[in-house]
Amino acid sequence: MLTDITIGQYFPGTSFLHRLDPRVKIVLLFALIVAIFAFDTPGAYAALTGLTLCLAAASTVPMTLLFKSVRPLWWLLAFTFLMHLGGTPGEVIARVWIFDLTWEGLVKGLFLCLRLVLLILLSSLLTFTTSPLMLTDALERLLRPLRCFGVPAHELAMMMTIALRFVPTLIEETDKIMKAQQARGADFTSGNFFRRLYSLTPILVPLFISAFRRADELAMAMEARCYRGGNGRTRMKEMKIGRPDYAATIFVVLFLATLGALKWSGI
């Protein structure tokens, strides 16, 4: 279901994660994503899974809403698992057609699926606990040093946040168009692959028209408010790094050091 896609949604709250500085959250998220790829031992994955679940519980975001972000990618998880299950050499569990299912492929497939789930959950926690406006300001601040090389930091941050913000809107619009077409007798499920692909035309055409109309309305609204980029702009609330941000940074550094020790000891 399209309504299961939660990319770009914000869940208001007053939890510890909500109160952290957005810049700190982005940097710590990047560090944890690097850790997911760098530390591949069972002990490290157990620690990363435990940390992710603790962060999810501390964020006060409903678990059902958080795990909905994983549901649209179940086919990618299943494909990844089956590819490694039947394509990794090792001790054979069973033989299915021309594929040998191995214990090594089973373990590797489970670890890779867990890696993808952790990536999705941690990224979703960032968007669920950070408003689009704060996310824009944080991205601009982090990209500001690149302005010395001619990189338009403000414009890039604005485009990324607008794209992220309009994902739920476009998903909702697509769902409405599909229901309207189905009420008129459209069928999107029967027939072969090419027939089903052709049946999406009544959805794509009005969706593109709606997207361009929304983009034009947004541009006119920004022009009416005299928007001229980031030069000379001020903010009602300036971001400040406080004690909770330092505490979270120290905790993540110690956690990464622990993961390094686990990998070095082979656990």
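User: Which pattern does the chain follow when read along the sequence?

Analyst: Happy to start there: this is a predicted model, where local features need pLDDT of at least 70, side-chain atom pairs count only at pLDDT 80 or more, and totals for chains, interfaces and linings use all residues. Residues are numbered from 1 along each chain as its sequence is written, and side-chain values use heavy atoms, with hydrogens and water left out. Helices (H or I, at least four residues) and strands (E, at least two) are DSSP runs numbered from the N terminus. The chain has eleven helices and two strands, and the pattern is α-α-α-α-α-β-β-α-α-α-α-α-α.

User: Thanks! Is Arg23 buried or exposed?

Analyst: Arg23 sits in helix α2, which covers residues 22-38. Buried means under 20% relative accessible area, exposed over 50% and partly exposed in between, with a 1.4 Å probe and protein chains only. Because its relative accessible area is 16%, Arg23 is buried.

User: Which residues is Arg23 in contact with, leaving aside its neighbours within four places in sequence?

Analyst: Contact here means heavy atoms within 4.5 Å. With those sequence neighbours set aside, the partners of Arg23 are Ala138, Arg141, Leu142, Met239, Lys240 and Ile241.
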